[in-house]
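These are my notebook entries on side-chain pairing.

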Amino acid sequence: MATRKSTDTPTPNRASRRIDVRIDGHYVRRVISIVEGALDTEAAARIRKAVWRWIVVEPETIQHFRATWPRFRDWLALLDGEPVGIGACGLLPGEEESAAAFALNAVLREARGKGVGTAIYRQVSEHARSLDKSELQTFSFEDDSGGVAFAERHGFAVVGRIRGLRLVLEDCPHPSIQLPEGVTITTLAEHPELARGVWETACEAMADIPYDGDIPMSPGSFAEFEERALTGPKYIPEATFVATQGSDVIGYGQLGWMDRLAGIGDHQMLAVRRSWRGRGIARALKAAQIEWALDNGLAELRTGNEERNAAARGVNAKFPYVPLPDQLLYRGPLADT
């Protein structure tokens with residue numbers, strides 16, 4: 001069995017930690033360094049994809065996070081100079097007053113057990129303290145036993161569960177789009193002036209999504225929503241469908257890019273005004289997204305809903321999605337100083 005001892009060693013412009021790992025009776029010195037994620041965004045994206053197999057985050061999307069998330073920072077963890085982990089920490093859009101910061105901590109499986117995850121945990125906790133936060137929100141997947149064990153070992157508790165789904169589009173039938181009388185579906189590509197109505201719908205719908213945070217979910221201000229959700233590399237205006245009655249926005253369904261190269265789309269949001277729910281509008285918006293994906297040669301769509309969100313899960317059940325491993329949402333303490 002390998003054992004290890006460690007000493008912290010400061011290095012200019014980076015956090016560095018030496019780990020002496022005993023292998024076959026001999027100590028081998030390994031050096032863990034924490035550097036800015038922007039030094040190698042491609043590596044950061046590769047690590048995310050390897051650890052979170054069902055969530056692809058392209059390099060351009062990471063850059064968009066840096067530009068639009070409030071006080072967001074991200075890091076690479078290097079083991080003997082090689083990128084093996086990522087960390088990130090910032091304020092969830094619309095939840096700036098929460099007691100918790102949102103953090104990411106992902107380490108390649110072959111690099112685990114060497115102190116890399118702990119080094120990242122310390123780094124994101126330090127940033128959370130600079131934001132005057134006392135807790136962290138994060139996630140892992142239920143099929144990642146190492147990630148689950150790390151969270152539990154450091155005092156994190158599951159506060160939510162996202163039921164993931166995928167829809168492989170090969171041989172997927174074209175869905176019918178049926179709407180109540182007087183309701184039409186358009187897109188933000190055709191009518192960009194509907195963006196404010198989309199935001200107003202998001203404000204109403206997000207407050208109703210089951211969530212165990214200390215404040216309700218929110219899309220933030222219109223300017224913030226527009227910058228984060230209606231621009232950037234994931235945004236597809238032609239696949240952002242808007243349900244209207246006359247000039248009023250009553251619902252929307254947004255399909256974005258997850259992985260352009262693989263042709264994978266991401267169901268980012270499906271929202272209907274309270275007074276219009278239960279009339280088939282959500283199903284019609286979902287069908288419009290699937291129809292667009294089929295017509296434009298996508299290979300797959302992915303989505304997920306909080307397990308208590310019965311309405312959204314009921315809509316997805318009308319289409320041939322298949323389950324993915326559950327995404328576990330955690331809340332827990334900052335690392336000790």
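**Entry 1, rings.** I find Phe65, Trp69, Phe72 and Phe102 linked into a cluster by ring pairs; rings of Phe, Tyr and Trp (its six-membered ring) pair if their centres lie within 6.5 Å, and planes under 30 degrees apart count as stacked, over 60 as edge-to-face and the rest as tilted. The model is predicted: local features need pLDDT of at least 70 and side-chain atom pairs pLDDT 80 or more, while totals for chains, interfaces and linings use all residues. Residues are numbered from 1 along each chain as its sequence is written, and side-chain values use heavy atoms, with hydrogens and water left out.

By the ring rule I count 9 aromatic pairs. One of them is Trp52 with Phe139, tilted, at 4.9 Å centre to centre and 45° between the planes. Trp52 lies in the loop between α1 (41-51) and α2 (59-68) and Phe139 in strand β7 (residues 135-141), so this pair ties together parts 87 residues apart in sequence. Helices (H or I, at least four residues) and strands (E, at least two) are DSSP runs, numbered from the N terminus. I note Trp52 as buried at 5% relative accessibility; buried means under 20% relative accessible area, exposed over 50%, partly exposed in between (1.4 Å probe, protein chains only).

Arg196 lies over the face of Phe222, 4.2 Å from the ring centre, and Arg279 over that of Trp276, at 4.3 Å.

I find 21 salt bridges in the structure, each a side-chain nitrogen of Lys or Arg within 4 Å of a carboxyl oxygen of Asp or Glu. In the one between Asp326 and Arg161, the closest N and O atoms are 3.1 Å apart. Asp326 lies in the loop between β14 (322-323) and β15 (327-333) and Arg161 in strand β8 (residues 157-168), so the pair ties together parts 165 residues apart in sequence. Asp326 is buried, with a relative accessible area of 5%, whereas Arg161 is partly exposed at 23%. Glu307 and Arg163 also form a salt bridge, at 3.1 Å, N to O.

Cys89 is buried at 0% relative accessibility; Cys203 is partly exposed at 28%.

Terms used. Lys NZ or Arg CZ within 6 Å of the ring centre and 35° of its normal.
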